[in-house]
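Reader: I am new to this structure. Please show it to me, and then let me ask about its parts.

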Amino acid sequence: MSAIEQIEKNKLLVRRLYEECINQDKLELLTELIATDFVDGHGKGGFAEFENGIKAVRAGFPDVKFAVEDLIGEGNRIAVRWTFQGTHTGTFASTAPSHKKVTQIGNVIFEILNGRIVQAWVQVDRLGLLQQINAL
């Protein structure tokens, strides 16, 4: 497989994470997409930690929908810029439901080896999200 073909395959993996796994609440797909030894950008994590992060978002915003705005690849890394929208109808960050519709933006760089995500560096507008749900 050429380098370009591999990058395109990795982009599809990342798109599948957001559009199928998270948006359609098919967390069983995580075993196909995330390596068991996954670590975040701070050297922490594990598969369960990645899964728990998604569960926390879905618990606070059950109707969450991620829109993949950009996918850029080089080597074994894929950068994604996304926007999510959802309604705060569940507890999130220890904040009771506000029933507000919210939008959050984020950028993530994923490292992919052997067809699975092994590392991620995440930058999100968490402050903006917490302000929208009156957590601050």
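Reader: Which strands does helix α3 lie across, and at what angle does it run to β1?
Author: This is a predicted model, where local features need pLDDT of at least 70, side-chain atom pairs count only at pLDDT 80 or more, and totals for chains, interfaces and linings use all residues. Residues are numbered from 1 along each chain as its sequence is written, and side-chain values use heavy atoms, without hydrogens and water. Helices (H or I, at least four residues) and strands (E, at least two) are DSSP runs, numbered from the N terminus; axes are lines fitted to C-alpha atoms, for helices over the stretch in contact (heavy atoms within 4.5 Å), with angles from 0 to 180 degrees between N-to-C directions. Helix α3, residues 47-60, lies across β1, β3 and β4, and its angle to β1 is about 80°.

Reader: Which strands does α1 lie across, and how does it run to β2?
Author: Helix α1 covers residues 3-22. It lies across β2, β3, β4 and β5. Its angle to β2 is about 165°.

Reader: What is the strand order of the open sheet, and which strands stand at its edges?
Author: Two strands pair if DSSP finds at least two bridges between them. The five strands form an open sheet with mixed pairing, in the order β1-β5-β4-β3-β2. Each edge strand has a single partner, so one of its sides is left without a neighbour in the sheet; these strands are β1 (34-40) and β2 (65-74).

Reader: How many bridges join β4 to β5, and what is the partner of Val108?
Author: Strands β4 (residues 101-113) and β5 (residues 116-124) run antiparallel. Eight bridges join them. In β5, the bridge partner of Val108 is Val122.

Reader: How many aromatic pairs does the structure hold, and what kind do Tyr18 and Trp82 form?
Author: Rings of Phe, Tyr and Trp (its six-membered ring) pair if their centres lie within 6.5 Å; planes under 30 degrees apart count as stacked, over 60 as edge-to-face and the rest as tilted. The structure holds nine aromatic pairs. Tyr18 and Trp82 are 6.4 Å apart centre to centre, with 45° between the planes, and their pair is tilted.

Reader: Why does the pair of Tyr18 and Trp82 tie together parts apart in sequence?
Author: Tyr18 sits in helix α1 and Trp82 in strand β3 (residues 77-87), so the pair ties together parts 64 residues apart in sequence.
Both residues are buried (under 20% relative accessible area, with exposed over 50% and partly exposed in between; 1.4 Å probe, protein chains only). They also belong to one aromatic cluster, with Phe61, Phe66, Phe84, Phe92 and Phe110.
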